[in-house]
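Hi,

Here is the structure I said I would pass on. Have a look at it first, and then read on for what turned up.

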Amino acid sequence: MDLSREQKIDRMLARDATYDGRFLAGVVGTGIYCLPSCQACKPKPEDVRFFTDPQAAQKKGLRACRRCRPDHFYRQYDPDQDRVLQLVKELRQAPENFRHAKDLAKSAGLGTSQLNQLFQRHFHNTPAALLTRARIPAAQRLLTETDRPLSQIACDVGFESLSSFNESFLRLSATQPTDYRSLPGAKRFEVRLPENWHRRRILTYLGRDPQSPVQQIQGDSLQMGVCLEGTPTLLRVDLGDSRATCDLVSKKALPETAAIAAQGIVLRILGLTIDPAPFERHVSRSPALAPLVEGRRGLRIPQTATFFEGLAWTILGQQINLAFALTLFRRLVERAGQPVGEGLFAPPTPEAVAAIEISELTAQQFSGRKAEYLIDTATLVAQGKLCLEDLAMGSATATEQTLKAVRGIGPWSANYLMMRAFGFEDCLPLGDTGLTQGLWRFFNLEERPRGEVTEKLMRPFSPHRSLATFHLWQSLAKEVEP
């Protein structure tokens with residue numbers, strides 16, 4: 001959509017990074033052109049000329065700003081992002097080398113406030129939170145691969161005390177370290193449920209399709225088909241008051257690490273991978289935003305069981321209603337999934353989807369384009385050309401760029417996938433019908449918001465727009481008991 005001069009001035013003065021790439025602002029007096037988000041002092045509007053790209057600005061004799069570096073942006077080169085990516089790589093390889101968030105800033109040669117901004121932008125998280133999230137997987141590996149005592153493991157991954165290690169481990173793993181150590185070879189395990197976990201809302205969301213061939217809900221129990229280290233398995237989850245008891249049933253011998261994989265899936269589908277407390281504190285500071293969480297405090301976002309399941313669901317759900325998307329997903333599972341018993345299937349693997357002929361899907365009411373997108377993307381994953389695990393662990397900015405470069409994945413699809421499968425916390429699926437409907441009702445608007453208005457309304461929720469989006473979706477749902 002073409003922007004008027006007034007709109008460009010407004011976004012430039014607001015330092016709105018979402019408009020970077022849509023135009024450049026050149027200042028006649030200084031001879032410099034900048035991105036809309038440039039943090040330098042803003043010129044008078046009458047001194048500004050707008051350009052479509054760096055070449056147009058250079059033809060008028062202007063040079064690139066040394067602060068916002070627009071040429072780097074247009075070449076998709078971000079030195080700050082590269083610096084943060086390298087820092088996070090080092091952090092995940094050796095979290096014990098960084099005792100505090102300030103050690104990360106020192107290693108990167110940045111101030112703490114600047115590092116915090118970069119982490120929020122690229123990883124949707126604070127340096128301190130990412131530091132803890134790097135320590136826990138390292139501790140999990142040591143727990144299952146060594147017999148070191150807990151106190152030594154806590155020290156080895158960078159915790160200053162055993163109590164802080166236990167608290168962080170339970171919060172992020174929903175399991176005590178000693179119980180996690182018992183997972184290899186287990187066929188039953190438990191996960192802790194938070195006090196304010198929304199049992200009925202989560203189960204209602206997971207049970208949107210009563211005819212699902214993947215998962216079925218009966219009362220407070222869920223059973224679903226999963227593939228654990230290549231083995232089709234029936235996963236049963238019985239929800240108690242404070243914990244969920246999980247059982248693995250398979251006709252084949254289960255791998256030693258099956259319960260570890262299953263525990264990760266349970267955390268994802270029950271929404272236990274993202275703590276809603278920071279979001280709730282954020283909105284509680286604003287009288288205009290606080291009502292969004294009333295009656296839903298503690299609400300979490302259920303993630304898809306696997307990254308590829310999320311990708312398949314995203315492609316299938318594009319530009320169609322929920323009922324038809326569920327129908328298409330059922331047909332895909334019945335065609336390429338693996339039976340696990342009880343009439344359920346494990347969702348299809350990328351390899352299984354890549355082997356399907358387009359004509360098979362079009363015969364099942366898939367559009368030709370949707371069938372192409374699904375099979376072509378599955379082929380990329382199966383061939384290792386699109387590594388979903390790397391995208392989930394990468395930066396949000398790089399992940400979004402990579403996804404949008406895949407044929408059939410646009411801005412909505414990329415953000416929906418990042419939110420529902422990868423767990424990024426500040427995603428905005430622009431164009432989502434449920435989101436615009438929720439905003440329309442929540443803010444009592446005269447009409448449903450579009451593009452720029454949606455962006456503006458969601459801006460105050462940042463850096464927690466994923467949870468805000470899910471709350472807005474839930475605000476449209478029939479009220480259920482928590």
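Glutamine 7 sits in helix H1, which covers residues 5-13. Keep in mind that this is a predicted model. With a relative accessibility of 30%, glutamine 7 counts as partly exposed. Leaving out residues up to four places away in sequence, glutamine 7 touches Asp2 and Glu452.

As for the rest of that helix, Ile9, Arg11 and Met12 are the buried residues of H1. Looking down the axis of H1, these buried residues fall within an arc of 165°, so they line one face of the helix. What they pack against is strand S1 (24-27) and strand S3 (48-51). Just past the end of H1, arginine 15 has a positive phi of about 55°.

Most residues other than glycine have a negative phi, and most peptide bonds are trans.

- Glutamate 229 has a phi near 55°, positive even though the residue is not a glycine. Glutamate 229 belongs to the loop between strand S7 (221-228) and strand S8 (231-239), and is exposed, with a relative accessible area of 51%.
- Glutamate 342 is another non-glycine residue with a positive phi, of about 60°. You'll find glutamate 342 in the loop between strand S10 (338-341) and strand S11 (344-346); at 55% relative accessibility, glutamate 342 counts as exposed.
- The peptide bond running from serine 462 to proline 463 is cis, with omega near 10°. Proline 463 is in the loop between helix H23 (451-458) and H24.

In H23, the buried residues are Thr454, Glu455, Leu457 and Met458. Seen down the axis of H23, they fall within an arc of 165°, so they line one face of the helix. The buried residues of H23 pack against helix H22 (433-442) and against H24.

H24 (residues 465-474) also packs with helix H21 (residues 411-420), at an angle of about 95° and with the axes 10 Å apart. H21 and H24 are therefore roughly perpendicular to each other. On the H21 side, the contact is made by Tyr416, Met419 and Arg420, and on the H24 side by Ser466, Thr469, Phe470 and Trp473. The residues of this contact divide into four nonpolar, two polar and one charged.

Now the cysteines. How many disulfides does the count come to? With a disulfide taken as a pair of cysteine sulfur atoms within 2.5 Å, the count comes to zero. Two examples show how that works out. The sulfur of cysteine 227 has its closest cysteine sulfur in cysteine 387, 17 Å away, which is too far for a bond. For cysteine 427, the closest cysteine sulfur is also in cysteine 387, at 18 Å, and that is too far for a bond as well. Is each of these two buried or partly exposed? Cysteine 227 counts as partly exposed, at 28% relative accessibility, while cysteine 427 is buried, with a relative accessible area of 0%.

The C-alpha atoms of cysteine 65 and cysteine 34 are separated by 5.5 Å, with the two residues 31 apart along the chain. Setting aside neighbours within four places in sequence, cysteine 65 is in contact with Ile32, Tyr33, Cys34, Cys38 and Pro70.

Buried or exposed? At 9% relative accessibility, glutamate 280 counts as buried. Beyond its neighbours within four places in sequence, glutamate 280 is in contact with Val293, Arg296, Arg297, Gly298 and Leu299. The C-alpha atoms of glutamate 280 and glutamate 294, which are 14 residues apart along the chain, are separated by 9.8 Å.

Cheers

Methods:
Residues are numbered from 1 along each chain as its sequence is written. This is a predicted model: local features need pLDDT of at least 70, side-chain atom pairs count only at pLDDT 80 or more; totals for chains, interfaces and linings use all residues. Side-chain values use heavy atoms; hydrogens and water are left out. Axes are lines fitted to C-alpha atoms, for helices over the stretch in contact, and angles run from 0 to 180 degrees between N-to-C directions. Helices (H or I, at least four residues) and strands (E, at least two) are DSSP runs, numbered from the N terminus. Angles under 35 degrees count as roughly parallel, over 145 as roughly antiparallel, 65 to 115 as roughly perpendicular and the rest as oblique. Contact means heavy atoms within 4.5 Å. Ala, Val, Leu, Ile, Met, Phe, Trp, Tyr, Cys and Pro count as nonpolar, Asp, Glu, Lys and Arg as charged, and the others, Gly among them, as polar. Buried means under 20% relative accessible area, exposed over 50%, partly exposed in between (1.4 Å probe, protein chains only). The arc is that of the directions from the helix axis to the C-beta atoms.
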